[in-house]
Amino acid sequence: MEEAIQKADVLIEALGWIRRFRDKITVIKLGGSVMENPDALRHVLIDIVFMETVGMWPVVVHGGGAAISRAMEAAKIEPRFIHGRRYTDDATLKIVEEVLAGEINEGIAQKIEEIGGRAMNLNFKTTNVLFGEKMQLEGPDGEPLDLGNVGKVTRVDRTTIENLCYAGQVPVIPSMAIDEATGQKLNVNADTAANAVAEALGAEKLVFLSDVNGVRTDKNDASTLVHSLNGEKARTMMSDGRIESGMIPKVEACLQTLDRGVKKIHIIDGRLRHSLLLEIYTNMGVGTEIVH
């Protein structure tokens, strides 16, 4: 009986959060560490179906770097990276579209349906919702670096995404866009695509599912997790070196997204079973929340 009562207490704790976030959009960015682990992916998708069932509006944005690299290796295409971004020539773009906007995108939607949810994959064959333009990086000498068919999102079809949420479906969006002026398809960084979608929708939350449990004061020690960060604290930690290397651009992008209207951003370890539910529906949470 005591165990049963404890289960009821958990539900009561969740009730307040369920009521608070009902009819609110949460954008969830699926990272490679989750998608490369079938068991972790299944538990994340169960969490997403739970969220939709209790009245939240989850929107999934995903990349697929590891699967793309495998497909390129099979096609004997040598990958090139420029400042961390995949150079995308026409042959690479074809593989990115087949793997990312095809196999992975359709596979995630199918898995949600198999679990008992309803999902709509939004790709070039169904309905594209991300529009963009080619981007270039600045080289060390100030000259622009050509990345091929790599772009940034300039417009999100908010109406289509919201209509699916109203209808009780989970939109599943690959990190690719179309240039409205030229019709050129573009490869987009998944983190920046998720930020753009969250900003366009005025999301209540943006959740990054990562392979670390959040922002740490010591990147090698999981016990140094920082549960909550605001802009001032984050900038202090970046300037004194406690936030370093690859986490800096992610946190900077999060702060920019908060400035554009997203209420709260979470960075959590997607490999932890039911981390999404634990972060959203419990008082303590399991990752780092970044607030304005």
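1. A charge is said to sit over a ring if NZ of Lys or CZ of Arg is within 6 Å of the ring centre and within 35 degrees of the ring normal. Arg80 and Tyr87 are such a case: the charged end of Arg80 lies over the Tyr87 ring, 4.3 Å from its centre. The model discussed here is a predicted one.

2. Arg155 has its charged end over the ring of Phe131, and the distance to the ring centre is 4.2 Å.

3. Trp17 and Phe21 both belong to helix 1 (residues 2-21), where a spacing of 4 residues puts about one helical turn between them. Phe21 has a relative accessible area of 2% and is therefore buried.

4. Phe50 and Tyr281 form an edge-to-face pair, because their planes stand at 70° with the ring centres 5.7 Å apart. The partners come from two helices: Phe50 is in helix 3 (residues 38-53), and Tyr281 is in helix 10 (residues 275-281). The pair therefore ties together parts that are 231 residues apart in sequence.

5. Tyr281 is buried, its relative accessible area being 4%. The cut-off behind these words is that buried means under 20% relative accessible area, while exposed means over 50%.

Conventions: Residues numbered from 1 in each chain as written. Predicted model: local features only at pLDDT ≥ 70, side-chain atom pairs only at ≥ 80, totals over all residues. Heavy atoms only, no water. Buried < 20%, exposed > 50% of the residue type's maximum accessible area, 1.4 Å probe, protein only. Phe/Tyr/Trp six-rings, centres within 6.5 Å; stacked < 30°, edge-to-face > 60°.
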